[in-house]
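Trainee: I am new to this structure. Please show me how to read its features.

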Amino acid sequence: MTIASLSEIPAGAGELSVWPASTTLLPHGDVAVGGVSLVEIADRFDTPAYVLDEGEVRERCRTYRAALPGADVLYAAKAFLSRAMVRWVEEEGLGLDVCSAGELELAVTAGFPPERIVLHGNAKSPRDIGAALRLGVGRIVIDGPSEIARIAAAVGPEGHQKVMVRVVPGVSAGGHEKIRTGTEGQKFGLSPADGSAQDAIARILGQPQLELTGLHCHIGSQITEVEPYLVALRRMVGLMAHVRDAHGVVLPELDVGGGHGIAYRPGESALDLTALARGLRAELGASCAAAGLAVPRLAVEPGRALAGPAGVALYRVLAVKHTGGKVFVAVDGGMSDNPRPALYGVRYAPRLIGRHSTAGTCTATVVGRHCEAGDVLAADVELPGDIRPGDLLAVPVAGAYQLSMASGYNMVGRPPVVAVHGGTSRVLVRRETLEDFRSRDIGS
């Protein structure tokens with residue numbers, strides 16, 4: 001079974017609709033992903049653990065490339081990055097966008113071509129800029145006026161670096177106010193409304209060692225509608241026309257960012273990639289024709305849409321508590337490996353695996369093991385009424401913004417990442433151990 005689009009399997013297709021396409025039900029309540037039993041993974045690698053379906057990642061990369069021929073598809077590394085992920089993305093013909101010297105150096109040392117990498121960041125450190133120039137990154141996205149002189153000085157009078165300008169298009173979109181980045185009054189980008197974007201563009205064009213290749217925007221994350229992207233694109237083309245009129249420069253590239261929403265629970269909506277691609281092509285053609293502009297090369301930056309649905313988190317139940325009229329199911333992970341529910345109120349659909357239950361369902365709240373009242377992984381979900389310590393819970397759509405945002409809280413240690421493909425499993429990222437914490441602490 002392969003995915004025909006990234007709009008997910010339609011509601012009503014079953015409780016496994018948001019799981020990887022390779023998912024199959026096994027006897028005794030077990031579930032297989034990538035041809036590997038999840039119970040077997042839990043027994044072999046312990047819990048918590050993250051399972052990443054290589055085939056799902058690759059198929060989603062191919063789906064993006066097929067939907068957007070002639071465009072650059074850049075994987076947003078902040079969603080999840082490892083050396084294996086770098087290799088999969090590179091082999092499927094995608095580019096990469098990174099936010100730090102750490103992400104950049106991991107990608108390049110894993111063999112990713114630096115010229116296919118874009119460096120973002122609203123506050124790039126000297127180390128970030130130095131690594132980008134030393135490694136030969138393809139584009140640096142300038143996010144503020146102070147970066148212009150800093151990058152130009154670091155490049156030197158004889159050097160050359162391609163750059164873009166991040167623009168705030170004045171579009172509000174995204175699943176939560178903390179991940180809406182296309183509006184005025186937040187930390188990213190430069191605004192055409194107050195003239196800061198135009199001023200930055202003029203300053204860059206005055207720096208001979210900087211080559212302005214185009215404009216960039218990112219309007220938010222977990223967006224499930226096409227229209228906000230079209231509005232942003234239209235405004236970006238308008239700014240490109242201004243650049244041509246004011247400076248006689250036709251910019252050849254336009255990056256409209258990512259933020260493509262996915263379904264976390266059965267029945268939820270997701271961004272329809274086919275509709276997005278069709279809309280972007282039509283709007284870009286029409287807007288450029290109206291402005292008398294040559295059509296620029298388009299770029300998009302999906303992150304969670306590639307990695308999120310490919311991941312499954314595995315937890316072992318440690319305790320079940322009935323108190324205050326509620327049922328709390330405590331597991332051996334929590335906010336140190338997935339802070340998203342605490343940060344954004346994200347909802348998941350955990351599933352009991354490893355045994356069949358004949359009990360009726362109960363409404364329970366799955367909580368973590370950390371000393372924090374906000375350590376809730378899934379509030380008010382339906383689980384078997386006989387849920388008990390030792391049971392295994394699997395949480396789908398766990399491939400993005402979980403381990404990449406993980407912390408060392410309570411020194412629990414971050415879980416491993418186990419790749420599955422073709423009936424085999426292998427560790428991509430090992431479990432963090434007490435020895436890791438001890439070795440970093442060099443005080444006396």
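Mentor: We will take pockets, then helix packing, then the backbone. Keep in mind that this is a predicted model.

Trainee: How does the lining of the largest pocket divide by class?

Mentor: Count each class in turn. The lining has 19 nonpolar, 14 polar and 16 charged residues.

Trainee: What is the volume of the second largest pocket?

Mentor: The second largest pocket has a volume of about 560 Å³. It is lined by 23 residues. The closest to its centre are E15, P350, R351, L352 and E382.

Trainee: Which strands supply at least two residues of the lining of the second largest pocket?

Mentor: Look at β15 (351-353) and β17 (376-384). Strand β17 gives the most, with four residues. By class, this lining has 14 nonpolar, four polar and five charged residues.

Trainee: Now helix packing. At what angle do the axes of α4 and α5 cross?

Mentor: Read the angle together with the distance. The axes of α4 and α5 (residues 126-135) cross at roughly 25° and come within 9 Å. Angles under 35 degrees count as roughly parallel, so α4 is roughly parallel to α5.

Trainee: Is the crossing of α4 and α5 left-handed or right-handed?

Mentor: The crossing of α4 and α5 is left-handed. On the α4 side, A101, G102, L104, E105 and V108 make the contact. On the α5 side, the residues are R127, D128, A131, A132, R134 and L135. Together, the contact residues of α4 and α5 divide into six nonpolar, one polar and four charged.

Trainee: How far apart are the axes of α6 and α7?

Mentor: The axes of α6 (residues 145-155) and α7 (residues 196-205) are 9 Å apart. These two helices pack at an angle of about 15°. The same cut-off, under 35 degrees, applies here, so α6 is roughly parallel to α7.

Trainee: Which residues make the contact of α6 with α7?

Mentor: Helix α6 brings P145, I148 and A149, and helix α7 brings A200, R203 and I204. The residues of this contact divide into five nonpolar, no polar and one charged. As for handedness, α6 passes α7 in a right-handed crossing.

Trainee: What angle do α2 and α9 make?

Mentor: Helix α2 (residues 54-67) and helix α9 (residues 273-291) pack at about 30°. Their axes are 10 Å apart. With an angle under 35 degrees, α2 therefore counts as roughly parallel to α9. The crossing of α2 and α9 is right-handed.

Trainee: Which residues of α2 and α9 make the contact?

Mentor: From α2, find T63, Y64 and A67. From α9, find L273, A277 and R281. The residues of the contact of α2 with α9 divide into four nonpolar, one polar and one charged.

Trainee: Last, the backbone. What should I expect of phi and of peptide bonds?

Mentor: Most residues other than glycine have a negative phi, and most peptide bonds are trans. Now look at the loop between α1 (38-45) and β4 (49-53), where P48 has its place. The peptide bond from T47 to P48 is cis, with omega near -5°.

Trainee: Where does D46 lie, and what is its phi?

Mentor: D46 lies in the loop between α1 and β4. Phi of D46 is near 70°, a positive value in a residue other than glycine.

Key: Residues are numbered from 1 along each chain as its sequence is written. This is a predicted model: local features need pLDDT of at least 70, side-chain atom pairs count only at pLDDT 80 or more; totals for chains, interfaces and linings use all residues. Side-chain values use heavy atoms; hydrogens and water are left out. Ala, Val, Leu, Ile, Met, Phe, Trp, Tyr, Cys and Pro count as nonpolar, Asp, Glu, Lys and Arg as charged, and the others, Gly among them, as polar. On a 1 Å grid over the protein atoms alone, a cavity is a set of points where a 1.4 Å probe fits but cannot get out, and a pocket is an open set with protein on both sides within 12 Å along at least five of seven lines; lining residues have an atom within 4 Å of a point. Grid points are joined across faces, edges and corners, and a volume is the space filled by probe spheres set on the points. Axes are lines fitted to C-alpha atoms, for helices over the stretch in contact, and angles run from 0 to 180 degrees between N-to-C directions. Angles under 35 degrees count as roughly parallel, over 145 as roughly antiparallel, 65 to 115 as roughly perpendicular and the rest as oblique. A crossing is left-handed if the near helix is turned anticlockwise from the far one by less than a right angle, and right-handed if clockwise. Contact means heavy atoms within 4.5 Å.
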